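Here is a short briefing on a predicted model.

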Amino acid sequence: MTRHVVARVDEIQPGQRKIVTVRGREIGIFNVGNDFFGLINRCPHQGAPLCRGEVVSRLVAPMPGDYRLTRPGEMIRCPWHCWEFDIRTGQSLCDPNSVQARAFDVAVEPGKALVDGPFVAESVQVTVEENYVVVTV
Amino acid sequence: MVHSTEDRPASDKLTGAIDCDVHPAVPNTRALLPYFDDYWREHILRRGLERESFETSSYPVNAPINGRPDWHLPSGPPASNLVALQTHVLDRWGLSHAICNVIHGAQVMLSEDLSAAFCRAVNNWIKAEWLDRDPRLRASIVVPQHSADLAVEEIERLAGDRRFVQVLLLAMAELPLGRRQNWPIYRAAEAHGLPIGIHAGSSFRHPPSAGGWPSYYLEDYVSQAQGFQAALNSLVSEGVFVKFPGLKVVLIESGVAWLPASLWRLDKTWRGVRAEVPWLEEQPTETVRRHVRLTVQPFDAPPTEAQLHTLLEQIGSDRMLLFSSDYPHWHFDGDEALPSGLPAELIRKMCVDNPLDTYPRLKETT
Amino acid sequence: MNMPVLDRTPDPTTQNDRPGASHLGFIDCDVHPYVKGPNDFDPFLSKRWLEHKKTIGGRTRQGLAKTSMYPRMSPGAGMRMDSWPKNGNHPGSDLPLMREQLLDLFDVAYGLLAPLVGGGPGERNVEFGAAMATACNEWQLANWCDPDPRLLGAIQVNIEWPEAAIAEIEKRAGDRRFAQVNIPPRGLEPLGRRRYWPVLEACAANDLPVSLHLGGTSGHASTGGGWPSFYHEEHPSYVQTMQTLVTSLVCEGVFEQIPNLKIVLVEGGFAWLPALCWRLDKHWKRLKAEVPHLKRSPSEYVHDHVWVTTQPIEEPERPQDMLSILEWIGPERVMFSTDYPHWDQDDPRYAFKVPLPDEWKRKIYRENAKALYKLD
């Protein structure tokens with residue numbers, strides 16, 4: 001496993017995402033309320049580019065007709081068959097225990113800590129003044 | 001007790017079994033006259049309705065499939081007298097119980113009040129001339145399906161008689177069965193511990209599918225399986241089993257073999273369309289396995305036994321199937337009421353355990 | 001107050017994993033071209049119909065004039081979210097993007113078009129319907145089949161005016177840019193009924209398979225038990241419509257009357273077909289006297305005359321059950337389709353969750369369609 005710097009923190013605002021390629025894989029980096037998460041850009045169902053789907057809320061209903069919007073902006077909806085996944089964990093809504101989109105460890109590191117390494121930054125210039133999103137793959 | 005099936009005569013295989021679908025037939029409308037109250041009796045006589053037949057389009061009485069030749073009677077339609085039912089089925093096979101599902105035009109009438117009056121009469125008739133005369137018999141409450149309020153009244157009227165074990169609806173009516181307008185019926189049934197029996201047939205407010213009106217009875221008959229698919233999809237999608245978690249539903253005379261493919265499709269749809277029906281928190285197949293049962297006559301079996309075993313595996317639960325003869329409808333000859341090729345273990349469950357589990361009232365002694 | 005807004009990234013994508021050899025070169029039996037805008041058919045309409053279209057517009061047998069009674073779950077009336085061209089036009093309207101996301105990506109040999117645009121087939125004013133159907137046929141040629149000969153058109157007709165439908169079929173017959181005739185499964189009457197036989201005869205006489213692509217607004221409730229509330233029910237209700245179609249075509253004796261008629265069921269799935277055949281066979285035996293014109297069992301007719309496309313492919317609880325379904329139907333009757341660019345489309349690499357025998361793969365992905373549509 002190696003750590004990869006994929007973006008400056010301010011590149012991905014809350015509610016936004018960036019799709020990066022790390023070690024040949026496309027990974028979607030999401031900012032949910034200033035926490036960062038990473039999901040493989042590949043739906044476990046039929047291989048669709050999952051991270052290009054819509055970021056949505058978790059719509060639930062304890063009883064028919066009793067609609068509730070919960071966890072705004074914390075779900076990703078696959079652009080093809082609309083399967084819903086928890087951005088934080090990659091778990092599908094329909095079968096959280098056995099159907100998941102692979103999730104990656106994502107951390108925020110200050111440039112100061114990174115400057116010495118070890119990390120890989122194919123396309124991101126690291127400076128000590130900034131904070132960075134780092135994915136472990 | 002049901003014994004091993006290998007070397008016993010066909011008529012012995014069913015000893016002690018519970019037949020979950022027999023069809024006592026109202027011989028003619030006059031026979032119902034004693035069972036109306038004074039108001040409705042006069043109303044009916046004024047209009048000459050006692051001279052009319054209320055045979056349903058779903059079940060033309062003389063169609064070959066609806067009356068096995070050796071079950072025909074010298075007078076009256078097949079299954080229109082108790083002695084025939086006893087001779088052909090109850091005594092012959094040594095059944096422990098049979099559940100009477102009366103198919104009658106009462107359920108399809110457009111006037112809700114007339115429908116309710118006729119349903120009351122049918123239920124009074126089944127009580128007096130069948131349940132009271134043979135302790136093995138049980139019955140479904142026939143209700144005016146197009147009026148939830150009046151249907152509930154009839155359920156409330158009869159639920160106290162423990163020989164009524166189910167509420168009977170037709171698979172195809174004016175609104176899909178899961179629609180909220182029908183919920184008072186499910187509320188009442190659940191409260192009384194009565195399963196909903198959904199029987200093949202239609203009030204023909206609509207053609208059998210979006211394709212329009214077919215020419216032949218054969219097509220109508222085959223289409224009944226589609227009616228069940230839609231009814232089941234409706235009950236699940238509308239969240240009937242979420243709202244009424246104690247409710248059980250029995251699909252009666254559906255053909256059975258359509259079930260796995262229909263569930264696969266519903267599951268697949270749910271995974272993508274879940275957000276439209278967010279009260280569905282589990283895969284539809286799980287809900288159906290828990291709440292839904294099916295009678296086995298007719299059984300649209302595949303050609304080979306190996307395929308049959310695959311189909312049973314796909315159904316995926318040995319608790320779902322209930323034995324039925326569908327008397328007097330013609331789905332088998334002689335005493336071969338059990339679909340062939342079924343494992344003995346499943347037969348025992350079908351004939352006794354599953355019906356007792358589905359209809360708890362059967363366990364009560366009369 | 002912050003109103004949450006969905007971030008709809010309009011960027012289309014190309015696949016990140018390249019298809020392997022076994023998924024290249026297939027024949028896609030269901031591809032949906034779309035119009036860029038409401039006026040795409042105008043070049044092909046007479047002044048009268050241009051005026052009619054502008055003023056009265058299309059009229060079908062439902063309460064909403066311009067959208068589905070069962071709205072879909074993704075924008076564009078149910079499109080895959082990553083298939084919007086950068087110019088903002090409708091998914092499926094942009095040939096370059098269709099090539100990038102489907103035709104070139106998979107080196108598709110042929111794509112069978114199913115245009116669900118124009119409203120010709122379901123139009124209540126049958127003259128207008130016939131005009132729109134013809135316009136749609138011209139539009140297919142000009143915008144799709146001629147620029148990219150891998151794309152084969154489907155002849156649109158309004159069967160409620162049989163003379164015009166037959167004329168259109170005969171006009172297009174022999175034009176190899178059209179592969180089949182499209183008839184929506186939801187019509188006024190089941191397709192096997194006698195009033196439609198002349199149209200079906202014209203198809204067969206001109207060696208054109210009839211493709212019954214899911215859809216249509218018959219005015220009859222989606223199910224025999226009435227109108228469902230939800231798209232969640234509407235989506236599977238098309239299976240019931242397909243079952244009625246098959247039942248009607250068989251029981252009316254259409255395959256006796258028109259022995260070389262070929263029917264393709266498109267976008268109805270297929271796992272339901274074996275159980276329908278068992279049911280038809282069983283109850284036909286008892287009710288034979290009603291349909292003496294049937295000389296063979298229903299399942300035999302189905303096996304000889306009916307093809308199915310795979311999408312939306314069923315996903316059996318036990319993936320290996322797909323194999324027994326294919327075996328029961330017969331792998332020579334099943335043809336792969338993507339349904340690009342709809343939301344529920346299938347990717348050829350991942351649609352089957354169980355490995356197929358090589359011979360079945362070849363048939364399903366290519367040879368069956370090649371034989372049926374007589375392609376080289």
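A:Cys94 counts as buried, at 14% relative accessibility. A:Cys94 is in no disulfide. Over all chains, the disulfide count comes to zero.

**Cysteines**
- The nearest cysteine sulfur to A:Cys94 is that of A:Cys43, 8.8 Å away.
- A disulfide needs the two sulfur atoms within 2.5 Å.
- C:Cys136 is buried too, with a relative accessible area of 1%.
- The closest cysteine sulfur to that of C:Cys136 is in C:Cys145; at 10.0 Å, the pair is too far apart for a bond.

**Sheet of chain B**
- Eight strands of chain B make an open sheet, ordered 1-2-3-4-5-6-7-8, with parallel pairing.
- Strand 1 (18-22) and strand 8 (321-322) of chain B are at the edges. Each has a single partner strand, so one side of each lacks a neighbour in the sheet.
- Strand 4 (residues 164-172) and strand 5 (residues 196-202) of chain B run parallel and are joined by five bridges.
- B:Leu170 has B:His199, in strand 5 of chain B, as its bridge partner.
- Helix 4 (residues 148-158) of chain B lies across strand 3 (137-142) and strand 4 of chain B. Its direction is at about 150° to strand 3 of chain B.

**Helix 11 of chain C**
- Helix 11 (residues 321-329) of chain C is mostly covered, with seven of its nine residues buried.
- Among the buried residues are C:Met322, C:Leu326 and C:Trp328.
- The buried residues of this helix pack against elements of two chains, including helix 8 (259-273) of chain B and helix 12 (358-373) of chain C.
- C:Gly330 follows helix 11 of chain C and has a positive phi, near 105°.

Methods. Residues are numbered from 1 along each chain as its sequence is written. Chains are lettered from A and ligands numbered from 1 in the order in which they are written. This is a predicted model: local features need pLDDT of at least 70, side-chain atom pairs count only at pLDDT 80 or more; totals for chains, interfaces and linings use all residues. Side-chain values use heavy atoms; hydrogens and water are left out. Buried means under 20% relative accessible area, exposed over 50%, partly exposed in between (1.4 Å probe, protein chains only). Helices (H or I, at least four residues) and strands (E, at least two) are DSSP runs, numbered from the N terminus. Contact means heavy atoms within 4.5 Å. Two strands pair if DSSP finds at least two bridges between them. Axes are lines fitted to C-alpha atoms, for helices over the stretch in contact, and angles run from 0 to 180 degrees between N-to-C directions.
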